[in-house]
Amino acid sequence: MTLALAGRPDDPEVTPELVHQHGLSPDEYVRVLAVLGRAPNFTELGIFSAMWSEHCGYKNSKRLLKLLPTQAPWVIQGPGENAGVIDIGDGWALAFKIESHNHPSAVEPYQGAATGVGGILRDIFTMGARPVAVLDSLRFGDLDSPRVRYLFGGVVKGIGDYGNCVGIPNIGGEVFFDRAYDANPLVNAMCLGLMRTDEIIRGEASGIGNVLMAVGARTGRDGIHGATFASEELSEDSDGASRPRVQVGDPFTEKLLLEASLELIRSGHIVGIQDMGAAGLTSSASEMAGRGGSGVDLDVSKVPVREKGMTPYEILLSESQERMLVVAKLGSEAEVIRILEKWELEAAAVGTVTADGHFRVRENGRVVADIPALPLTEGCPIYEREGVEAPEIRDLRERDLSSLLAPEGDLSARFLDLVGSPNIASKRWIYEQYDSTVRTSTVVGPGGDAGVIRVRGTMRGIAATTDCNGRYCFLDPREGVKAAVAEAARNLVCVGALPVAVTNNLNFGSPLRPSVYFQLREAVLGMAEACAFFETPVTGGNVSLYNETGGKVIFPTPVIGMVGILEDVSKALGHGFQAEGDSIVLLGVNREEIGGSEYLYRVEATVAGVPPRVDLYHERQLQRAVLSLSAKGLLRSAHDCSEGGLVCALAESAVGDHERPWGIDVALADALAPVALFFGETQGRIVVSCSPASVDKLLEEAAAHDVPAAVLGTVGPRLGTFSLRAPRGFVRVGSEDIARRYHEAIPALMEGSGR
Amino acid sequence: MKVAVVTFPGSNCDYDCYKAMQLFPGIEPAFVWHREQDLGGVDAVVLPGGFAHGDYLRAGAIARFSPIMKSVSEFARHGGPVVGICNGFQILCESGLLPGALLRNDTLRFRSLDVHIRVESTRTMFTPRYREGQVIRMPIAHGEGSYYAAPETLAELEGEGRIVFRYVRRDGELGMGSNPNGSQHNIAGIISADGNVLGMMPHPERAVEEILGSSDGRGLFEALAAHRTGVAA
């Protein structure tokens, strides 16, 4: 039994209350005692609190995450590192990951979102990859609330200002509005980076005697205990009380850090590098030791700080942004400092790699914390909670919606109303605030099914998308997440890319609620099934729990970030119609599914019913057919049917150019209830257009893939009428009227909001 | 012809300019770090876009004090061709190599989109490959691109034909929907009195390949490539 490590004279005494305030349960504290063989001092308590928080320790999700498929021949790096890495051919590797910054963004939207982008960029370039694209997946309440407009405007500006300054193009993402996210917006940022396959570097502290160096910005008192904050529910007073726990970003420093880090990695002077992100120096140093099977011995008095008098506790737990921990080869310290100086940044030796497996911290040489590294990083207690579906959600799902299927005849007004829903309307107001063309590689920018960038020096392209309909997941988490995986894959094939891998962001409420744990478990099971089926392994991601305020829980939102490869990027396809007289063809089958639809939310103010179900086999056939058609050059456009159903998909293909929208002339033969036929969100459908001469070949190809196909009609003249007829209903509207609704809905809502 | 691409800390279009110019036979681009004192015998200089020095204080306000700017000013004073794109335009204005200033967009938002600009003058060393009045398309991506100058400066620019590019609608006209940032007189690009320093907010280097959506920026680089031999049409 080691003797208790003396605390510092000014540190508070470790009491049960203090343990509780640090988010550790009595059982967890017993485990701390066992790991140490003694009681922790204040500094050590802070370290355990951060490392065993949900955010760092995944204690409520780890057991479930093990169920996800993570292997494929092209996976170079699976979960557990800063980011996943896959082989994309021609000697190139793609690093990619998604991460949430939900809690900070709920309190301080601008900085919360900005630092979210900063963090995910660092996760990518610490793998040795140069960030080449970002996407963002956002959820907010309804825009009629001033508070929601404030959050939305701040988040978009924060993402834009950060990414624009660093110079990484934003190529897509999604945003979804529903009252379920009123108090808890979700801000998930995804980044993609490219490197040669031999340039990969990992976050490992290896080589006994090598030198730990703090690199980049100085350490200040901001963001202390951000990781623990992210692992709690928000409360009414979170706004004021938690603001100091939100970090403040500086994209200019990030840009310099990016360049300096890549230069360091290529220089051969370092063996490991990791972002000082959540739980700052504590997690980066202990995780690097844990992965390297080594120990670290560091002295906080050597860490460059912004202000005097910072305690070891503060220095260890600060989440000041734009900092890295690197492991330099012994004797290379001066070279590391020289490279950082070129980029006008600092580097300081703060410790060494040791052989004893301990995470040891000193202050002016005196030991203030001494913890075995592996139990600290890997020994976090893992829980399996009770999971039971909430009966009220089951009732909503089982509700009889047949009366809502009654409307027939002229559905033009309902259609126009739906087009004006922020969930359907153009997101141009958002993505115009993001530089999408910097780096001169963007082939398909934001606003389409998926973003596409080229890989310079090759024929190839990379496509990426994010997807998740939280309403479907609320009504049926397992089917909902299957639909999210299927839609992500469908989006990729629409631009001509073969889906290859997934990063996920599990946004849920408190896992201590059986109804939420049920959702989490079901979602992971559904994701495992669908990802295995589509051969898109999960290479990493992020878990964000406790997204609830005052007992109001968000929709379960397991966001899927999926990447795909185009063998020939010049064949990338957009979703907009190209020429008058082109034939419009529907691939897939219409069904009478209206549950969980945007139509019900917008027009009937209802979230209920059975959400659309994915038929995995037919979905895969559909995707193979579209990829084959695309490779043969038979398509002029391809667009997935999602929120708003078939009619909204057609509208999106018609009115993308707000000055010159296309008319269409379409007839449907299905005798389904027209609101379901027009606005239902049945999965497994893609609207394509092609020259009339290609129709026969297209139908043959579809049949060869066992995919039902129907010629719906033709693209009309620009500024023509948007006309759609079915046996029991019709829509007939001027394309300019649709374009106006579609393009002006979000700007009109945001006008006067001060942004 | 050797063209310096000046990299400031925070430049993020330096690489794009470099790669774009590599597409043109006759142009040999070279990065020059902002702390250099000497341009190293180049034939032209490009100040690329980005956020030099984080755009702190004002866009371009600190960059003008970077060591290299002394040589750039000297080079310009001796008639050397200098092109400032986006942040580069802002730096040229802050340095006094071009008149006026670039203010925050009138929308108060960053704007990233393809715009149409009209070539107002083909009698510059940078624009002989275009037709007078030709409407070309290329991206903008900036938060501070609203051109502003005193009335007498504007009159001078107009009178001397020094407004090289103007924002227009697709049909080439001014008016509703043509001006993305509130620039006076729809100004997208201007040239110095001596005709050798061009500043523009749109990004020609992002419009040199059809796969990126437009190749309308090629004319500018073609002219630059031809400049040394004096074959510019």
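I started with chain A, where the axes of helix 7 (residues 109-125) and helix 11 (residues 251-267) come within 10 Å and cross at roughly 10°. Angles under 35 degrees count as roughly parallel, and helix 7 of chain A and helix 11 of chain A are therefore roughly parallel to each other. I note that this is a predicted model.

I listed the residues that make this contact. Helix 7 of chain A contributes G118(A), L121(A), R122(A) and F125(A). From helix 11 of chain A come E254(A), L257(A), L258(A), S261(A), L262(A) and I265(A). By class, the residues of this helix 7 and helix 11 contact in chain A are six nonpolar, two polar and two charged.

Next I looked up the interface of chain B and chain A. I found 29 residues of chain B in contact with 34 residues of chain A. Between them the two chains bury about 2,700 Å², with 52% of it on carbon and sulfur atoms. Which residues of chain B lose the most area to chain A? They are R109(B), R170(B) and I211(B), together accounting for 22% of what the chain B side buries.

I then went through the polar side of the interface. The rule finds six salt bridges across the interface of chain B and chain A. I checked D435(A) and R206(B), whose side chains meet in a salt bridge at 2.8 Å, N to O. For polar contacts between chain B and chain A, the count is 17 residue pairs, both residues at pLDDT 80 or more. On the side of chain B that touches chain A, helix 1 (14-22), strand 6 (111-119) and strand 7 (135-142) of chain B each supply at least two residues. I sorted the residues of that side into 12 nonpolar, seven polar and 10 charged.

Last, I searched the whole structure and got 65 salt bridges over all chains. I looked up R613(A) and E479(A), whose side chains meet in a salt bridge at 3.5 Å, N to O. This pair links distant parts of the chain, 134 residues apart. R613(A) lies in the loop between helix 22 (598-603) and helix 23 (616-631) of chain A, while E479(A) is in helix 20 (residues 477-495) of chain A.

How values were computed: Residues are numbered from 1 along each chain as its sequence is written. Chains are lettered from A and ligands numbered from 1 in the order in which they are written. This is a predicted model: local features need pLDDT of at least 70, side-chain atom pairs count only at pLDDT 80 or more; totals for chains, interfaces and linings use all residues. Side-chain values use heavy atoms; hydrogens and water are left out. Contact means heavy atoms within 4.5 Å. Buried area is the accessible area (1.4 Å probe) that two parts lose on being put together, summed over both. A salt bridge is a side-chain nitrogen of Lys or Arg within 4 Å of a carboxyl oxygen of Asp or Glu. A polar contact is a pair of N or O atoms within 3.5 Å; within protein, one must be able to donate a hydrogen and the other to accept it, and residues adjacent in sequence count only if both atoms are side-chain atoms. Helices (H or I, at least four residues) and strands (E, at least two) are DSSP runs, numbered from the N terminus. Ala, Val, Leu, Ile, Met, Phe, Trp, Tyr, Cys and Pro count as nonpolar, Asp, Glu, Lys and Arg as charged, and the others, Gly among them, as polar. Axes are lines fitted to C-alpha atoms, for helices over the stretch in contact, and angles run from 0 to 180 degrees between N-to-C directions. Angles under 35 degrees count as roughly parallel, over 145 as roughly antiparallel, 65 to 115 as roughly perpendicular and the rest as oblique.
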